[in-house]
Amino acid sequence: MKLYFAPAACSLASHIALEEAGLKHETIRVDLRSKTLPDGTDYRQICPQGYVPALQVKNGELLTEGPALLQYIADQAPATNLAPANGSFGRYRLQSLLNFIATELHKNFSPLFDPTAADVTKDAARQRLSLRLSQAEAQLGAQNFLLGDYFTVADAYLFTVLGWARMVQVDLTPYPQLQQFQQRVQARPAVQRAMLVEGLKV
Ligand SMILES: N[C@@H](CCC(=O)N[C@@H](CS)C(=O)NCC(=O)O)C(=O)O
């Protein structure tokens with residue numbers, strides 16, 4: 001499998017999932033500004049949306065949208081318990097978490113990275129983020145991971161978006177459970193491997 005990624009972007013979650021699943025994969029870095037690959041290929045010829053992550057699977061088909069990739073990866077290695085079984089209520093809880101992270105956390109961080117976004121847009125995003133981070137803090141509570149005692153792909157995604165906070169001066173000190181979660185997840189060998197490949201500080 002081939003994962004198209006950009007360092008520290010949301011593709012880090014899929015990268016972590018691949019490492020956690022122990023699946024053989026190749027990583028290809030995308031320059032998101034120029035939309036090119038290291039060999040000069042226009043990434044939009046591969047992925048018309050021009051964003052990461054994208055995963056080329058074994059039969060050559062391209063899968064896009066982070067939450068779909070995360071579940072696909074988990075389902076390739078069911079013994080690693082990265083997602084509850086398809087059809088179980090636990091799987092719907094996982095999907096609910098993935099959607100929450102994607103639409104309420106990830107997409108509220110996006111304007112903070114956008115140099116063209118107006119201050120009023122950024123302020124509104126910060127306010128929404130603070131509400132949604134409080135809700136994530138309550139959801140996690142005293143559990144080790146979002147679904148309880150075992151690590152799932154939702155944790156890989158939450159860890160990835162929380163990592164953006166310090167890049168855009170979002171203070172996480174009001175969320176001690178989330179801060180401890182970050183440390184717990186970062187200590188996982190698979191997470192360290194993915195971060196190392198992306199050139200991130202481990
Ligand atoms: N809907 C997509 C959004 C992916 C996304 O926001 N990717 C960002 C990095 S975190 C990106 O590649 N942005 C560059 C761009 O949109 O041109 C998903 O959930 O996978």
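Which residue has a polar side-chain atom 2.5 Å from a nitrogen atom of the ligand? Keep that in mind as you click around.

Before you start, know that this is a predicted model: local features need pLDDT of at least 70, side-chain atom pairs count only at pLDDT 80 or more, and totals for chains, interfaces and linings use all residues. Residues are numbered from 1 along each chain as its sequence is written, and side-chain values use heavy atoms, with hydrogens and water left out.

**Stop 1**

Select the ligand, then show Glu 65. That's the residue we asked about: a polar atom of the Glu 65 side chain sits 2.5 Å from a ligand nitrogen. Next comes Lys 107, with a side-chain N or O atom 3.0 Å from an oxygen atom of the ligand. On its own the ligand exposes 510 Å², and the protein buries 75% of that (accessible areas come from the Shrake-Rupley method with a 1.4 Å probe).

**Stop 2: the shell around it**

**Stop 3: the largest pocket**

Where is the ligand sitting? The space it takes is the largest pocket. A molecule sits in a pocket if more than half of its atoms lie within 2 Å of the pocket's grid points. The grid is 1 Å over the protein atoms alone; a pocket is an open set of points with protein on both sides within 12 Å along at least five of seven lines, a cavity is a set where a 1.4 Å probe fits but cannot get out, and lining residues have an atom within 4 Å of a point.

About 1100 Å³ of space lies in this pocket (the volume is the space filled by probe spheres set on the points, which are joined across faces, edges and corners). Of its 32 lining residues, the closest to the centre are Ala 9, Cys 10, Leu 32, Val 52 and His 106. Helices (H or I, at least four residues) and strands (E, at least two) are DSSP runs, numbered from the N terminus.

**Stop 4: the cavity**

The whole structure has one cavity of 30 Å³ or more, and about 40 Å³ of space lies in the largest cavity. Select Leu 97, Phe 100, Ile 101, Ala 136, Gln 139, Leu 146 and Leu 158 to see its lining. Six of these are nonpolar, one is polar and none is charged. Again α3 gives the most, here with three residues.

**Stop 5**

Pro 53 lies in the loop between β2 (26-29) and β3 (54-56).

Finish at Ala 8, in the loop between β1 (2-5) and α1. Phi of Ala 8 is near 65°, a positive value in a residue other than glycine.

Technical notes. A polar contact is a pair of N or O atoms within 3.5 Å; within protein, one must be able to donate a hydrogen and the other to accept it, and residues adjacent in sequence count only if both atoms are side-chain atoms. Ala, Val, Leu, Ile, Met, Phe, Trp, Tyr, Cys and Pro count as nonpolar, Asp, Glu, Lys and Arg as charged, and the others, Gly among them, as polar.
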